[in-house]
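Take a look at this model before reading on. The report below walks through a few of its parts.

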Amino acid sequence: MFFNKLIPIILSLSIIQSIPPKDPLNSDPSKPLGDVVPIEASVSQFENTNKQKISLPQYIPFTPTHTGGHYNELLKMLSIQYLDQKANNLLAISVYLKKNRSKNFEVKSENVTLADGTIAMYVHSEDHGADIIRFKKNNLTYQIRLSKRGTEKKLDDLIKVANSLQ
């Protein structure tokens with residue numbers, strides 16, 4: 001008698017259990033940048049932890065649909081992202097203490113000069129989905145990445161973003 005009542009309970013539990021769990025690799029469409037916080041919050045966390053003021057861009061080469069930031073305390077690195085989901089454009093800025101990162105890119109780079117005289121390294125490779133500009137300012141290293149399609153160069157836009165940092 002006990003087993004007759006137990007079998008339907010076990011069967012009903014197995015049906016409930018058969019609902020597959022959510023795949024952790026599937027992204028949430030409402031969060032195209034992943035788990036980020038507002039830019040102001042991540043900037044504040046970086047500045048308060050490292051006692052360093054950072055500069056944010058006043059020029060973005062497109063109108064973002066999503067923005068966000070993340071502070072990695074272990075690497076002492078701030079990541080800021082601006083995304084135009086409609087046009088699939090992404091501007092990503094990483095800011096970190098210069099003593100924590102290597103100085104060399106593994107790919108060929110060229111030097112460019114910003115408006116204030118800062119020398120920056122520009123990296124363009126047809127094999128990468130983004131062009132990069134990297135420079136040091138006020139004891140911090142800034143790395144700015146801008147998505148591209150194919151072989152197009154994004155140097156002019158990267159320089160405009162870098163020059164707009166305030």
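Ser164 is in contact (heavy atoms within 4.5 Å) with Leu56, Pro57, Gln58 and Tyr59, leaving aside its neighbours within four places in sequence. This is a predicted model, in which local features need pLDDT of at least 70 and side-chain atom pairs count only at pLDDT 80 or more, while totals for chains, interfaces and linings use all residues. Residues are numbered from 1 along each chain as its sequence is written, and side-chain values use heavy atoms, with hydrogens and water left out.

Ser164 lies in the segment after helix 3 (155-163). Helices (H or I, at least four residues) and strands (E, at least two) are DSSP runs, numbered from the N terminus. Ser164 counts as buried because its relative accessibility is 9%. Buried means under 20% relative accessible area, exposed over 50%, and partly exposed in between (1.4 Å probe, protein chains only).

Asn163 is part of helix 3. At 36% relative accessibility, Asn163 counts as partly exposed. Leaving aside neighbours within four places in sequence, Asn163 touches Leu114 and Ala115 by the contact rule. Asn163 and Ala115 are 48 residues apart along the chain, yet their C-alpha atoms are separated by 6.1 Å.

Now to helix 2. Its buried residues are Ile39, Ser42, Val43, Phe46, Glu47 and Asn50. They cover an arc of only 130° around the axis, so they sit on the same side of helix 2. The arc is that of the directions from the helix axis to the C-beta atoms. These buried residues pack against strand 1 (66-72), strand 2 (77-84), strand 3 (89-97) and strand 7 (140-147). Just after helix 2, Lys51 takes a positive phi of about 55°.

Next come the strands. Two strands pair if DSSP finds at least two bridges between them.

| Strand pair | Bridges | Residues between the strands | Positive phi |
|---|---|---|---|
| Strand 1 and strand 2 | Seven bridges | Four residues | Lys76, about 55° |
| Strand 2 and strand 3 | Eight bridges | Four residues | Asn88, near 60° |
| Strand 4 and strand 5 | Four bridges | Five residues | Gly117, near 95° |

Which residues face each other? Tyr71 stands opposite Leu78 in strand 2. Gln81 has Ala92 in strand 3 as its bridge partner. Thr113 stands opposite Ile119 in strand 5.

Is strand 2 mostly covered or mostly open? Strand 2 is mostly covered, with seven of its eight residues buried.
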